[in-house]
Amino acid sequence: MPFERKPAYHRAFRAVADRMAQNAGCPPGCGIATDEGYNCGHQSGIRLPSAFPADTAPRALQSPDGCKLSFPAGGDVSINSTREFAESSALAGGNADYVEALYNAWLTDPSAVSAQWGGYFDSFQGRQHGDIAPDAAIARIEAAQQQRGQHAAAPVSDEHARKQAGVLRLLTAYRSRGHLAANLDPLNLAEKMPAPDLGLAFHGLSDADLDTEFDTGNYAGNGQRMKLRDLVERLKKTYTGTIGAEFMHISNHEQRNWIYSRLEKAAGDSGLDQAGKQRVLDGLTAAEGLERYLHTKYVGQKRFSLEGGDSLIPMLDDVVRSAGDQGIREVVIGMAHRGRLNVLVNILGKPPKTLFDEFEGKFEHPEDPAHTGDVKYHLGFSTDVKTPKGGVHVALAFNPSHLEIVNAVVAGSVHARQVRRRDSGHKQSMAVFIHGDAAFAGQGVNMELLNMSQARGFRIGGALHIVINNQVGFTTSNPQDARSTLYCTDLAKMVNAPVLHVNGDDPEAVIEVTRLAYDFREQFERDVVVDLVCYRRLGHNEADEPAATQPIMYKIIRSRPTTRDLYQQQLVKQGLLADGEAQKQFDAYRARLEAGKPMTDIDPKPNREGRVDWAQFTAGKLSTDVDTRVAPDKLKTLGTKLIAIPDDLKPHSRVAKIYADRAKMLAGEAPADWGYAENLAYATLVDGGHDLRLVGQDSARGTFFHRHAVLHDQNDGHTYLPLATIRKGADVEVIDSLLSENAVMAFEYGHSTTDPYTLHIWEAQFGDFANGAQVVIDQFVTSGEAKWNRYCGLVLLLPHGYEGQGPEHSSARLERYLQMCAMENMSVCVPTTPAQYFHMIRRQMLRKVRKPLIVMSPKSLLRHKHAVSTLDELANGRFQLVIGEARKLAAKKVKRVVLCSGKVYYDLLEHADKDKLADVAIVRVEQLYPFPRDEVSAELAKYPAATDVVWCQEEPMNQGAWFQIRHHLQACIGEQHHLSYAGRVRSPAPATGHLKEHTVEQAALVEQALVGATETESAPE
Ligand SMILES: Cc1ncc(C[n+]2csc(CCOP(=O)(O)OP(=O)(O)O)c2C)c(N)n1
C-alpha cells in the first residue's frame, strides 16, 4: 500500500476511540475502525459514529461508561505542522495524539471537525501559513517528484516516502531539541540530556541516505531540496553549535517561523565583518581590562567581577548600537551586582576617576543629613552614548541588594518614558534586564513581571533579558539544589518568550543571538531571553574562596584562558589580527583608564526632548502649606462631566444609582461621599494639567464598590472612563492590576520616579496585602531618596480599619510605615472625611516636592453616614493635619482629651453622643507623619481643665501608631497632663477572627478611652 489515503478524520477518530477504550481498560488497538465507525467490543463498549459528532467541543469527550478525555480549554496553543506539534511541548501529553489527529483532519477538510474545534484551529492561522496535513504533504512531495520526472509514471516508493517523512521529523527534532546537544558550557561540565532524536536512526535514516536528496520542507523559510548530508551539517551548525535556541514552545506560528528562518539562514555564522570582529575584541578588552586593573589597584575590595562573563560587554555595546540604528532614544537597564561596575564604565561611560574615588571612599552626594548614600555597586548612572546613527540615552537604574526586584522598577520607568513620548508603538524606549542565573530562576518577581509583560497598562513592547549564567548562585554548591528546571531560564517560556542559550566563550555567537533577540523584540514587541552561559572566574565577591565548595569547577576555570585571549587567538589564526596586536590594545585600554576619561563615546549634543526638570520638585518641604482650594464653579463643571453617562452606555442599576446620588451631591442636595470626592479630586488635578495613573486590584470599580471610575455597558460590555474626558490629551489610566503586589508596586514606583507630573496611586485590595511588596516599600519607596536621591510621589492607598473582618482584613500595618519614617522621607495620613481625602490628594500633587504618601484608607467609612463633606468643604477647605472636637462642648469642662486617628473616631463619637459625654473632647490626628506637634499641642491648649490625654487606637498595643508616636505625644502634653493608652492588648495577630470578640473588644476600647481608668503600660500580654 503506497500511502494511507483514508480521510484523515478516520485516523483522528480512531485516536479518540482508542484512547477511550484504553482509559476504559481495553487493550490498545482493540477496537475496529471502519468507514462505518468504531466498535470496541470489549468492556468499554465504545461505539462511535464515523464522523465527529457536531458537538464535540475542545474540552472533553466522554465514553459511554464515563471515562473522559480532557483537553486544554481554549489555551493559546498553536500548531504549525503536525510533526512540530507532536514534538513541541505545549500539548505533549495524553491528549496530543488526539488533537494532532483533529488538526490534521481540519487541515484536510475543515468540515470534518466541530465548529468549536474549527474556530480553535483557525485562531492559530496555520492554514494561512501553509500548514498541511501529512497526507497532503506526501501528495505534494509526490507531485513534485513527478513534475521533476524522477518518477514519471510510478508513484514514489514507500521506502523513500518513509525516509522523506523521517527527514522532516529530523528537521523538527533539531529545531525543538537541538539545544540539548549544543555546546553551551565553556567549562564543559554541564550534563547534557540525551537527545536520541537528533540521530538519523531515530527517524529511520542512516549514513547510507546521506547523499540522497530530500525535500527540506520549510527549512530556512523557503523549502528546498538538499542532500541529507548537507542538511545535517547545516542543522548541526545552526542548532547544536555554540547556540542552543529554544523557540518551538512559542504558540504563534509567525514568531516561530521568523526565528527558525533567521537561525537557519545564518547557520551559525554571525555575519560580522572585520571591523565588527575588532569591535567585539575591543569589548572583551574593555571587560577584562577594567577588572584586571581594579583587581591589582584595589586588592580584595568588593567589586563583583564580571570575569568569565566578559562577553556581556560586547553584547551590551551591540545592543546600544542597534538601538541607535533603529531610532531608540532611551535604553534603561536593570541589573544586579555582577559586572555592574564594568557596565557603568564600559557601556555607560561613567568616568573611571569617579569610580576610583568611590573605591577610595569619596562619594559625590548632597550635603544633607537625610542622605545616606549607597555602596558603589548599587549606584545608577545615565549618559548619552554616541552611536553611528544617533545618540542614545542609556540609564542604569539604582538597585538595592535584593535581586531582580529592580527589573519591575525599570519596566515602570520605561512605561512612563513611553507615555511621555507618546510612544505607543514602543519604538523609542526599551528595557534591558540583566539577570543572574540563580536569581532569574529563584526570585518570584520575575514571574510576576513576565506575567505583566503583555497585560494592558504594563506592556512596554517586550524587554530584552540577558542572563549572566555563570552556573553558580552562591546559595547552593550542588547544581541539583539550585532549581527544578532544566535551564535557569525556563520561567520565560510561560510567556512564550524565545530563549537563546549561547556559549559565552564564543563572542561572535553571542553577538548573533543578541541581534536576533533585539530584532525579535523590535518586531514582535515581546520579551526575549539571551542566556549567556559562562562562568565566574573569581569567587562570589573578591573575598570569597570558591574552590572550597566548587573544587572541580575551579580547577577547570583556573587553567582556562580568558574569553579575550581565546578570541584574539582565533582572530590571529584567521589572519585578521597581527600577533601581539591584542596585547597592545590591552595596554592602550589600561592607559586610557589611568587617564580617568570616559571609556565610551559620549554624545556631545544630546537630544534633551522628554527630559524632566526635577528642580521644581525639590524646592519645597513637606511642611510647606499648599492652597488646595478649587473654585465652586469649577467643581460644578468637573462634577457634571464626571457624571455624564453617554447615551449608548447602560450602566448596571446599582452603578446608575451611585451616579444618580452623585448628581444630587453635585447639586448640593446631598453631602459628598467618599467616592464622589475622590473622583472629583482626581478630576481637578487632571483639569489642572496633571495626568493620572491609578493601579490596583479591582481599582476601577473599587474593591468596596464605591469608586466606579470605569463604567461597563450592560449590553455589550464596552467601557467608559469619565476622568479621561476632563482634559483633551490627558493621560488618564485606571488599571485593574493582575493578582500580584510585588512587581506591580515596583512598576508603579518606577513610573513615579520617572514622571513627577502624574498622580501615581497604587491601591491594595486590603491594606495588609501590601506586605507582598515589602521589598518595594523597604528598599525603594521609603528609602530610595535617602540612598539614591530618587524622588517619588507614589501614593499607597491601604484600606485599614477594624470592622470584624478578621486578622488579615483589618490592618494595613500602620506601625511598619511609621517605623520607616524619618527625616521627612514621606507622609502617612489617615483621613476621616471625603474633604480630607480630596485636599490630601490635591496637596500631594500641588506641593513642590515629590515624596511618597501612605494612606490608611477607609472601608466602612466609604458609606458611613457621618463620613461626608459639604461642597464648601471641598471647594474652600484644606487638608487639616488635626481635626478638633466637632461637638459643641464647653471647653472649660473638658477633663479628658482623647486623641485618635481613622475609623475609631466615629465609634468614639457615637458613644460620646449616646452618653452625652460633655467632659471628653475627641481630637483626630489626620496625619501621623510628619507628626503635627504644634497642631496637637494647640488642641490640648483649648482645654485648660483637662488632665487626661488618652491615645485611642483600634490596633493591638504593639501595633498601630502608639509606640511610634508616643514620643510626639509626650512632647505635646503639659505638666498637668497624664498620657495613657486605650486600645487592644498586645497581640501577635492584627485582629481576632471572630466577629463577636471583635465587637466586645471594640466596645471595651471605646469605653476605656472615653470613661475608663487611665493606664499606660499595664495592658496585659
Ligand atoms: C533577594 C536576595 N536574596 C539573597 C541575596 C544574596 N545574594 C547576593 S548575590 C547572590 C547570588 C546570586 O546568584 P546569581 O543570580 O547566579 O548571580 P551571580 O552572583 O552568580 O552572578 C545572593 C544569594 C540577595 N542579594 N538578594
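Select Leu 396 and show its neighbours: leaving out residues up to four places away in sequence, Leu 396 touches Ile 333, Met 335, Arg 340, Leu 344, Leu 348, Leu 379, Gly 380 and Phe 381 (contact means heavy atoms within 4.5 Å). This is a predicted model, where local features need pLDDT of at least 70, side-chain atom pairs count only at pLDDT 80 or more, and totals for chains, interfaces and linings use all residues. Residues are numbered from 1 along each chain as its sequence is written, and side-chain values use heavy atoms, with hydrogens and water left out.

Stay on Leu 396, which lies in strand S11 (residues 390-396); strands are DSSP runs of E with at least two residues, helices are runs of H or I with at least four, and both are numbered from the N terminus. Leu 396 has a relative accessible area of 2% and is buried (under 20%, with exposed over 50% and partly exposed in between, using a 1.4 Å probe and protein chains only).

Next, select Ser 699, in the loop between strand S16 (691-696) and strand S17 (711-712). Ser 699 counts as buried because its relative accessibility is 0%. Its contacts, not counting residues up to four places away in sequence, are Leu 694, Arg 707, Ile 735, Asp 736 and Glu 763.

Last, select helix H13 (residues 405-420) and helix H23 (residues 742-754), which pack at about 45° with their axes 6 Å apart. Axes are lines fitted to C-alpha atoms, for helices over the stretch in contact, and angles run from 0 to 180 degrees between N-to-C directions.
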